[in-house]
Amino acid sequence: MRTICFYFQVHQPYRLKPYRFFDIGDDHHYWDDFSNRSIMRKVAQKCYLPMNALLLEMIHKYNGAFKVSFSMSGVFLDQLEAYAPDVLESFQKLVATGHCELLNETYAHTLAALKSKDEFQSMVRKHQEKIKKLFNGYQPKVFRNTELIYSDQIGAMVAEMGFEAILTEGAKHVLGWKSPNYVYVNSIDPKLKVLLKNFQLSDDIAFRFGNKSWEDYPLTTDKFVKWINNVPDEEETINLFMDYETFGEHQWAETGIFEFMKALPEAVFSKTNFTFSTPSEVAAKISPVGKIHVPIPISWADEERDLTAWLGNDLQDEAFDRLYDMEKLVKNIDDDDIQRDWTYLQTSDHFYYMCTKFFSDGDIHAYFSPYESPYEAFINYMNVLSDFMIRVKEKTSLSQD
């Protein structure tokens with residue numbers, strides 16, 4: 001079996017509004033409703049609606065031989081319900097074909113796996129319920145952690161929750177001489193299959209497609225298929241993992257990205273011996289070649305493929321620790337507003353905005369951030385967190401009385 005596995009991450013955070021020191025104690029609404037709605041509608045028109053329509057067309061055209069998979073964060077799904085029900089319906093139509101797999105993740109696209117097993121499992125269960133509710137009882141078999149963050153220990157937690165497989169980055173410093181084009185297993189619990197991103201071919205689409213200074217520009221289906229055919233015969237799966245916003249948002253329609261994707265299945269079927277599979281199919285049909293050892297967490301972010309996009313400096317660490325210092329108190333509070341804000345404040349994007357990398361990946365961080373600087377992001381978040389702590393302590397005092 002030789003197969004291509006497409007996986008798309010779909011996520012939008014709830015962005016914080018500008019929150020001043022003088023708002024602490026007075027203003028308990030933290031979210032920039034206008035920006036969140038505007039960005040969702042903009043990306044819906046540029047990416048989600050046209051790409052969903054294209055994928056649906058392709059699935060029908062090839063009678064299910066073309067397949068894809070998604071993970072959609074719970075905070076993204078919340079925003080679809082609030083701002084873009086038409087997009088939600090288009091995703092539901094894709095899943096209803098039976099050739100579009102959904103994966104589980106943490107509800108709020110969090111870093112909880114690095115801090116709290118209890119909170120991590122709570123976020124996963126909450127996401128499972130959301131998927132089940134919105135997609136006609138759907139129950140995912142495969143897991144992807146936030147930003148493909150993975151370690152041996154995280155994999156063991158995921159296996160404990162009953163998942164069959166997990167996705168992560170095919171990081172060179174982990175693989176060494178090994179190839180990402182095989183199925184591996186978790187080194188602690190070998191029941192869990194591990195699927196690795198082929199970052200070279202994935203990033204050719206996700207990052208380099210529209211780059212006119214790239215030596216291989218323009219990327220055509222013939223060129224891409226040639227690269228696929230150059231993969232050694234014994235390597236069984238090419239995992240193409242990327243942000244869904246690649247299509248139309250990061251790579252604008254003018255680059256030809258939609259036409260490339262539309263033509264790709266025909267080129268694959270006619271010029272290669274590859275098929276298309278979902279992650280659960282890859283895990284079920286391809287025998288693992290051995291354990292993969294990842295003692296220190298990896299991710300798919302930046303050149304380092306580590307955690308420094310979120311937890312690499314004093315600002316991020318301080319905000320992260322202060323947030324999770326409240327975990328036990330929050331768990332005992334029966335208040336929907338508190339629980340909602342607790343969930344949304346855990347979203348990894350808040351810590352990403354505080355990243356102080358100014359060299360290899362600084363431009364990428366600046367592109368995604370609504371703040372002028374990482375320091376502004378930190379101050380804004382900590383002001384919000386200060387108000388949230390006051391509310392938590394007040395609720396805790398009331399319950400004790």
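Phe6, Phe8, Tyr48, Tyr62, Phe66, Phe70, Phe76, Phe91, Tyr244, Phe247, Phe269 and Phe276 form one aromatic cluster. Here, rings of Phe, Tyr and Trp (its six-membered ring) pair if their centres lie within 6.5 Å; planes under 30 degrees apart are stacked, over 60 edge-to-face, and the rest tilted.

This is a predicted model, in which local features need pLDDT of at least 70 and side-chain atom pairs count only at pLDDT 80 or more, while totals for chains, interfaces and linings use all residues. Residues are numbered from 1 along each chain as its sequence is written, and side-chain values use heavy atoms, with hydrogens and water left out.

By the ring rule there are 36 aromatic pairs. The planes of Tyr7 and Phe241 stand at 90° with ring centres 5.5 Å apart, so this pair is edge-to-face. It links distant parts of the chain, as Tyr7 in strand 1 (residues 3–10) and Phe241 in strand 8 (residues 237–243) are 234 residues apart. Strands (E, at least two residues) and helices (H or I, at least four) are DSSP runs numbered from the N terminus. Trp31 and Tyr344 also form an edge-to-face pair, with 5.6 Å between centres and 80° between planes. Trp31 lies in the loop between strand 1 and helix 1, and Tyr344 in helix 13, 313 residues away.

Charges meet rings too. A charge sits over a ring if NZ of Lys or CZ of Arg is within 6 Å of the ring centre and within 35 degrees of the ring normal.

| Charged residue | Ring | Distance to ring centre |
|---|---|---|
| Lys126 | Tyr107 | 4.6 Å |
| Arg305 | Phe199 | 5.1 Å |
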